Amino acid sequence: MGTINVSREYSVKEKMFLPAIIQGMIITLKRFIQGFIFHKKYTIMYPEERRNYSQRFRGMHFISVDENKVENCTACFLCETVCPAECIHIVAEERDSASNPYGVRKEKKPLSFDIEVLRCCFCGFCEEACPKDAIKLSRNYELSILSRQEGIYDLNHLKREVKGRG
Amino acid sequence: MSSYEISKSENYLNYCSDKIRPLPVTGPDAKPLPKMTLDGQVVEFVPGDTIMQVAERAKVASRIPRYCYHPGLSIAGTCRMCTVEVEKAPKLMTACSTPATDGMVVRTRSEKVLKSRSGVVDCLLASHPLDCPVCDKAGECELQDYDYEYGPSRSSFVDEKRVFPKSSTRKLSDKIVLNMNRCVACERCVRFTDEVTKTNDLVMLNRGWKKELTVGDEDKGLYNDYQGCLSDFCPVGALTWSDFRFQKRVWFLRGNASICDRCAKGCNIEVHSEKEIIYRFVPIYNPKVNAHWICDEGRLSYKMVTNSHRVIAPLLEVAGHGPTATSWETLIPVTASLLKNSSRALLVLGTDSTMEECENLRKFFSKFVQNGEIRYFNGTGITTSSENKALDHLLRQNDKTPNTKGVESLGLKPLDVAGVNGFDTVILFRSGRAGIPSVAAAKNLILWGVWSDEEVRAQKNVRALLPGLATQEKSGTFMNCDGILQSFKKAVEHRGYGLDVTRIIEKF
Ligand code: SF4
Ligand code: SF4
Ligand code: SF4
Ligand code: SF4
Ligand code: FES
């Protein structure tokens with residue numbers, strides 16, 4: 001690692017900075033006049049008003065569940081394998097075979113399933129790779145959190161998010 | 001005697017050691033070898049070879065897919081996956097069981113052959129569950145690989161799949177789980193228990209559609225000592241190794257060659273690890289030592305390396321507290337003065353130390369200690385290598401340490417009955433396999449190498465502990481019970497403060 005210094009020649013106009021400042025101020029003034037005098041709006045009154053995003057918008061992840069509220073994920077690790085940000089971490093275990101109504105179909109289950117959402121780039125590859133349609137990206141884009149710790153979604157969190165496609 | 005280095009060679013002639021195939025005669029009375037044409041390439045072979053073995057000698061065996069053929073087992077010729085086209089033969093021939101003849105012309109990739117292989121895979125998948133997401137074999141599965149390479153793009157079957165309700169997840173023993181739905185009936189496992197372990201504890205019941213694998217004797221179950229091999233060579237995920245079950249997908253694992261140190265045989269293994277955590281051991285073919293197999297005890301012996309109770313930080317005795325974690329900088333001067341001030345010191349080398357470690361410690365000891373003596377200690381039920389005997393006809397040995405012969409070849413003497421009497425400072429060096437002699441009589445005890453928490457607590461007079469590396473974490477040389485010298489390289493990085501012997505000696 002190391003820094004690479006790139007130098008380039010600045011023209012006289014650039015060196016004075018003033019033309020650029022004036023250019024910027026003109027835009028500000030234009031928007032001010034448009035908004036204040038002609039009431040043209042560029043922002044929305046969030047959260048009362050919301051933008052209508054595309055149906056294919058990729059927001060917060062969730063894990064779909066079946067009719068018994070059991071996660072569909074079988075801990076196959078395909079999402080972990082495909083994830084370019086390496087932000088999915090799964091630990092697998094065997095479902096207690098004595099009390100497993102699904103038999104072989106769901107003999108493997110995730111013991112823990114964590115997504116470090118702060119590293120996620122919302123590419124949706126995990127959703128595409130999943131053979132069980134378990135992990136999906138919802139249309140929920142309200143992902144603000146108060147601490148880094150909350151940026152790790154665990155299985156409970158992901159299952160809780162199931163509300164269709166948002 | 002020269003040692004050789006353990007490494008994985010994919011193209012090595014994979015013949016089993018107990019059925020050694022003739023090698024070409026060399027010398028003045030060598031006759032010209034017969035030749036055949038394999039995919040346009042003229043290759044020589046030894047009379048008696050089958051087409052598959054000719055391909056192996058020519059290092060193009062990967063061109064012929066196979067299920068029932070395994071180089072360590074007898075030839076069955078039942079799966080029909082290995083068919084090739086032989087000129088002048090009216091039908092396709094099985095490469096694994098057709099003997100090669102002089103002037104034969106064989107094509108492994110003709111249109112007819114590919115069509116046949118596609119059909120075989122299609123039929124095998126007709127009632128295959130395709131639960132690759134939960135199947136531990138996925139990633140190293142021959143059905144997956146061959147289907148990808150030769151299979152049809154879609155199944156020609158619409159019928160319901162066959163399910164074995166009782167054998168879907170059946171524990172054949174504590175170590176092996178059977179999923180009969182996935183079996184392709186290659187019978188490698190049945191031949192293995194018949195020919196290699198000679199226990200006959202797996203048999204096939206019924207025929208055709210109802211063919212089902214089960215144990216030979218329901219009361220005994222599956223009981224041979226080489227069960228892990230079943231899951232190695234089962235081409236699909238029908239037999240899986242419980243210990244590895246659901247632990248990791250195989251494509252995350254990195255495989256490095258190393259040696260098993262669980263007994264004096266010194267089987268060659270590949271250490272499968274991810275992020276320096278060992279997940280399993282699998283055998284590496286070596287005709288001189290272990291052929292294709294390793295025993296279950298050795299396979300599970302990685303647990304000592306990853307043991308959560310293993311001491312991986314330097315310990316120093318603090319009065320009233322017992323051994324307490326410290327740093328190397330604090331530990332080394334204390335240990336050095338302990339050794340300098342002792343009137344008579346004893347170094348006990350476990351027989352699990354490598355040759356290099358023994359030499360280095362010997363030099364170090366003679367330089368540092370005026371009045372010292374060096375002994376070796378086995379402690380796994382035997383004292384010297386002459387007492388070792390094989391536990392069965394295959395690999396397992398009575399001597400549970402890897403290098404007793406080697407330590408003896410360096411001219412060391414065993415620790416005798418007098419033990420540590422008369423010595424005030426005793427250094428015990430071991431790599432986690434050798435036993436621990438009774439050293440309560442010594443005033444100062446210095447432990448060195450691989451120790452677990454319990455082992456350290458059991459000693460009351462520990463003054464210092466210098467953590468070392470386990471066999472798979474270092475390189476070195478062992479001499480096995482047959483006197484074969486084998487050197488190995490580090491397979492995984494040590495995760496802790498333990499250091500190699502040379503690094504510790506440098507610090508003094
Ligand atoms: S959306 Fe992309 S980056 Fe985010 S978890 Fe899925 S695969 Fe990884
Ligand atoms: S790909 Fe789907 S089934 Fe597989 S581990 Fe990820 S969420 Fe679970
Ligand atoms: S045996 Fe192979 S093809 Fe069958 S489920 Fe397992 S990985 Fe998939
Ligand atoms: S269990 Fe595996 S090795 Fe045994 S017959 Fe079936 S596929 Fe072959
Ligand atoms: S490998 Fe030749 S018939 Fe099975």
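**Loops, helices and ligand shells**

Trainee: Where is Ala75(A) found?

Mentor: Ala75(A) is in the loop between β1 and α3 (78-82) of chain A. Helices here are DSSP runs of H or I with at least four residues, strands are runs of E with at least two, and both are numbered from the N terminus.

Trainee: What should I know about the numbering and the model?

Mentor: Residues count from 1 along each chain as its sequence is written, while chains are lettered from A and ligands numbered from 1 in the order in which they are written. It's a predicted model, where local features need pLDDT of at least 70, side-chain atom pairs count only at pLDDT 80 or more, and totals for chains, interfaces and linings use all residues, with side-chain values taken from heavy atoms, leaving out hydrogens and water.

Trainee: Back to Ala75(A): buried or exposed?

Mentor: Ala75(A) counts as buried, at 0% relative accessibility. Buried is under 20% relative accessible area, exposed is over 50%, and partly exposed is in between (1.4 Å probe, protein chains only). Its phi is positive, near 55°, in a residue other than glycine.

Trainee: Which peptide bond is cis?

Mentor: The one from Tyr46(A) to Pro47(A), with omega near 5°. Pro47(A) belongs to the loop between α2 (18-36) and β1 (61-63) of chain A.

Trainee: New topic. Which residues come nearest to ligand 2?

Mentor: Of 13 residues around ligand 2, the nearest are Cys73(A), Cys76(A), Phe77(A), Cys79(A) and Cys130(A). A residue is in the shell if one of its heavy atoms lies within 4 Å. By class, the shell has eleven nonpolar, one polar and one charged. Nonpolar covers Ala, Val, Leu, Ile, Met, Phe, Trp, Tyr, Cys and Pro, charged covers Asp, Glu, Lys and Arg, and the others, Gly among them, are polar.

Trainee: And which residues are closest to ligand 4?

Mentor: Cys183(B), Cys186(B), Glu187(B), Cys189(B) and Cys234(B), out of 13 that surround ligand 4. That shell splits into twelve nonpolar, no polar and one charged.

Trainee: How does the shell around ligand 3 divide?

Mentor: Five nonpolar, three polar and two charged. Its residues include His128(B), Asp131(B), Cys132(B), Cys135(B), Gln144(B) and Arg182(B).

Trainee: Thr240(B) is in β11 of chain B. What does Thr240(B) contact?

Mentor: Leaving aside neighbours within four places in sequence, Thr240(B) is in contact with Asp136(B), Lys175(B), Ile176(B), Val177(B), Ser231(B) and Arg245(B). Thr240(B) is buried, at 7% relative accessibility.

Trainee: What is the strand order of the open sheet of three strands in chain B?

Mentor: β12-β13-β14, with antiparallel pairing. The edge strands, β12 (254-259) and β14, each pair on one side only. Two strands pair if DSSP finds at least two bridges between them. Six bridges join β13 (residues 268-274) to β14(B), and His272(B) has Arg280(B) in β14(B) as its bridge partner.

Trainee: And Lys288(B), where is it found?

Mentor: In the loop between β14 (277-283) and α6 (296-299) of chain B. Lys288(B) is exposed, with a relative accessible area of 57%. Not counting residues up to four places away in sequence, it touches Tyr4(B) and Ile484(B).

Trainee: Last one: where does Glu373(B) lie?

Mentor: In strand β18 (residues 372-377) of chain B. Glu373(B) is partly exposed, at 26% relative accessibility. Beyond four places in sequence, it touches residues including Arg344(B), Phe365(B) and Phe423(B). Phe365(B) is one of the buried residues of α9(B).

Conventions. Contact = heavy atoms within 4.5 Å.
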